Each structure stands twice: as C-alpha cells, then as structure tokens.
Amino acid sequence: MGNGGSLSDGVVKKIVLSYTYVAIWIFLSFTVIVYNKYILDKKMYNWPFPISLTMIHMSFCATLALLLVRVFRLVEPVSMSRHVYLTSVVPIGALYSLSLWLSNSAYIYLSVSFIQMLKALMPVAVYSIGVLLRKESYKNDTMLNMLSISLGVAVAAYGEARFDTWGVLLQLGAVAFEATRLVMIQILLTSKGISLNPITSLYYVAPCCLVFLSVPWIFVEYPVLKETSSFQFDFVIFGTNSFCAFALNLAVFLLVGKTSALTMNVAGVVKDWLLIAFSWSVIKDTVTPVNLFGYGLAFLGVAYYNHSKLQALKAKEAQKKTTQADEEQGRLLEDREGDGIGKRNDQQN
C-alpha cells in the first residue's frame with residue numbers, strides 16, 4: 001500500500017507541476033502582450049516606438065543572460081566557433097529582430113484580439129517555408145489543413161471591426177519572419193548539433209538583435225525621440241516590462257524542458273482564447289460574431305495540426321522502440337550462438 005501511495009503521490013505531484021509551468025507561461029505571455037499593447041497604444045501609455053521598446057527588451061535580456069552565463073555561471077555556454085556564429089546565429093538574430101519589430105509595431109494599429117487571430121497563421125507559414133526549403137515533405141492532407149486555417153483567419157479578418165491594412169501587413173510580416181527563423185534554426189543550428197536553451201539563445205542572439213535594430217532606429221525613431229525633449233525614461237514601466245519579457249523566456253525553458261513543445265502549443269491556444277476574452281471584456285475591443293466564427297475555424301485547423309504532429313511523434317517513438325528491441329534481440333541471439341559454439345569447443349577438447 002505504501003509503495004502504491006507514494007507512486008500515486010509522485011504522479012499527482014508531476015501533474016500539478018506540469019499545470020503550474022503551463023499557468024506561469026500563460027500568465028507571463030499574457031502579461032507581456034497586454035503590457036506591450038499598453039505602452040505602444042496611442043490611447044493608453046502613448047509611447048509608439050516599437051523599435052525602441054524592442055531594443056530596451058534586448059538590452060535587458062542580453063545583460064541578464066550575460067550575468068547568468070559568464071558571471072554567476074548558472075548556465076553553461078555552448079561551444080561555438082566564430083564561423084558558426086557569423087553564418088548561423090547572426091542570420092537568426094536578423095530574422096528575430098525583424099519579427100519582434102514588426103509584431104510590436106502591429107499593436108499600434110490592431111486590437112489584441114485580432115492580432116491573436118492572425119497569429120493562428122504561424123503553422124501555415126512554418127509548414128510552407130519548410131516545404132520551400134525542403135525541411136518538410138509536401139502532403140496533400142496537410143496542405144488542405146493549412147488552407148482551412150488560412151480560410152478561418154480570412155473570415156476573421158473580414159469580420160474585424162477595426163481592420164487596418166498596414167497593421168495586418170506588419171503582423172503578417174512578423175509571422176513570416178518568425179516562421180523563417182524557426183525553420184532556419186533547424187537548418188543552421190539543429191543540423192549542426194547545436195542546441196540553445198532560451199538563456200543561451202538570448203546570450204548569443206540578443207546582441208545581434210540590438211545591432212540590427214539600431215540601424216532602423218537611427219533613421220526612424222531616434223529623430224522623433226530627439227525632438228520629444230519632454231520625454232523622461234520611466235524606469236518602473238520599462239524595467240518591469242523588460243523583466244516580464246525575460247521571465248517569459250525562462251518560462252519557455254521550464255515549460256518545454258519539463259513537459260514538451262506540443263504542450264506549449266496547446267497552452268498557446270488556451271492563452272489566445274483568454275487574450276481574446278480579455279481584449280473584449282477589459283480593453284473593450286470589438287469582437288464580432290464573424291471574428292469568432294473565423295477564428296473558430298482556424299482553431300480547429302490548428303488543433304488538428306497539433307493532433308497530427310502528436311500522432312506522428314508517437315509513431316516515431318514506437319518505431320524507435322521496436323528498432324531498439326529488434327537490435328537487443330539480435331544481440332541476445334548472437335550471444336547465445338557464441339555461448340553454444342564455446343560449449344561445443346570445450347566438449348571437443
């Protein structure tokens with residue numbers, strides 16, 4: 001009874017911890033999105049400088065990552081040559097900086113709820129770019145699923161009360177750059193056996209982002225900020241906002257490390273629905289029935305895509321176990337045959 005009870009307690013503890021990691025990630029992701037909207041929106045905090053905000057985030061994250069890796073040595077750095085850094089990490093940093101810049105810019109023009117609906121296109125973009133770069137195999141049923149997600153997002157866009165073409169283009173650009181970044185991570189890093197957790201990723205990538213973002217910042221936002229001499233840097237607002245962004249990266253590390261990437265995808269769907277509800281009830285964004293119907297279609301497509309990924313993962317694991325079992329059985333047979341030959345030789349002698 002004692003062993004059974006301890007096993008049950010262990011299982012319960014594991015489930016509680018998994019849900020805790022999910023809850024922390026949803027809360028922090030939710031907080032960062034709403035906080036960024038609050039800072040950038042002209043009707044709220046009214047600081048419409050997305051490049052500057054992203055640079056503040058990157059400076060804060062790069063500094064903390066440097067402290068964790070080099071000073072306190074809580075995280076081990078990855079062994080990487082200068083050539084690998086320049087040819088692999090730098091292009092990923094460029095894509096990441098563009099993705100963050102455009103996605104933060106979209107908050108100036110679009111509602112939080114509509115942005116979450118547009119983000120449902122991420123699996124479509126990742127799959128399409130993966131096929132183009134030959135990292136994914138083309139399948140008719142998967143492409144049909146991608147088209148159903150796209151149709152749902154199109155319907156949601158049709159029903160959007162505050163539709164802004166420039167805002168939509170910014171968000172679609174952010175999705176395209178982020179999807180390309182995810183595929184390029186597989187091509188440039190994973191294929192070379194380099195694995196970066198969120199801390200080492202910030203340690204290597206955040207300085208690149210800072211350099212790339214400084215170029216458009218000098219020409220686009222710096223002249224405006226220079227003219228706004230009355231602006232005083234709010235350490236409380238920008239400090240807590242940056243800390244939330246860094247904590248979100250830690251939460252991703254915990255969630256994926258202790259559960260799985262698929263769990264994060266499912267949790268992401270829950271977070272999107274919560275954001276839509278919050279946007280409608282608290283921020284008072286208009287969410288129409290056509291919006292919800294379209295996003296519902298997209299949601300079903302994304303859910304089916306995640307289910308297909310899970311089934312493929314299970315099949316791969318089952319095949320791996322079968323192969324291992326066959327190899328083990330083959331070794332046992334070889335050992336038995338070797339023992340049999342040895343005994344016959346002893347008898348003859």
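Trainee: What is the volume of the second largest pocket?
Mentor: Keep in mind that this is a predicted model. Rolling a probe the size of a water molecule over the atoms shows where empty space is left. For the second largest pocket, the volume comes to about 310 Å³.

Trainee: Which helix gives the most to the lining of the second largest pocket?
Mentor: Start with the lining, which includes Tyr127, Glu136, Thr142, Asn145, Tyr304, Tyr305 and Lys309. Two elements give two or more residues to this lining: helix H6 (140-158) and helix H12 (289-348). With five residues, the top giver is H12.

Trainee: How many charged residues are in the lining of the second largest pocket?
Mentor: Glu136, Lys139, Asp141 and Lys309 are among the lining residues. The lining also has four nonpolar and four polar residues. The number of charged residues is four.

Trainee: Tyr127 and Thr142 line that pocket. In which helix contact do they also take part?
Mentor: Tyr127 sits in the contact with Pro123 and Val124, on the H5 side. Thr142 is on the H6 side, with Met143, Met146, Ile149 and Ser150.

Trainee: Is the crossing of H5 and H6 left-handed or right-handed?
Mentor: Two packed helices are described by the angle between their axes and the distance between the axes. For helix H5 (residues 122-132) and H6, the axes come within 9 Å and cross at roughly 145°. The hand of this crossing is left-handed.

Trainee: H5 also crosses H7. Is H5 parallel or oblique to H7?
Mentor: The axes of H5 and helix H7 (residues 165-188) come within 9 Å and cross at roughly 50°. That angle is the reason H5 counts as oblique.

Trainee: How many charged residues does the contact of H5 with H7 have?
Mentor: On the H5 side are Met122, Ala125, Val126, Ile129 and Gly130. They meet H7 residues including Val175, Glu178, Thr180 and Leu182. The classes are nine nonpolar, two polar and, for charged, one.

Trainee: How far apart are the axes of H2 and H3?
Mentor: Helix H2 (residues 50-71) packs on helix H3 (residues 82-109) at an angle of about 130°. Therefore H2 is oblique to H3. The axes are apart by 8 Å.

Trainee: Which residues of H2 make the contact with H3?
Mentor: On the H3 side, the contact includes Tyr96, Leu100, Trp101 and Ile108. By class, the contact has seven nonpolar, three polar and no charged residues. From H2 come Pro50, Ile51, Thr54 and Met58.

Methods
Residues numbered from 1 in each chain as written. Predicted model: local features only at pLDDT ≥ 70, side-chain atom pairs only at ≥ 80, totals over all residues. Heavy atoms only, no water. Axes fitted to C-alpha atoms, helices over the stretch in contact; angles between N-to-C directions. Helix = DSSP H or I, 4+ residues; strand = E, 2+ residues; numbered from the N terminus. Parallel < 35°, antiparallel > 145°, perpendicular 65-115°, else oblique. Contact = heavy atoms within 4.5 Å. Nonpolar A, V, L, I, M, F, W, Y, C, P; charged D, E, K, R; others polar. 1 Å grid on protein atoms, 1.4 Å probe; cavity = no way out; pocket = protein on both sides within 12 Å on 5 of 7 lines; lining within 4 Å. Points joined across faces, edges and corners; volume = space filled by probe spheres on them. Left-handed = near helix turned anticlockwise from the far one by under 90°.
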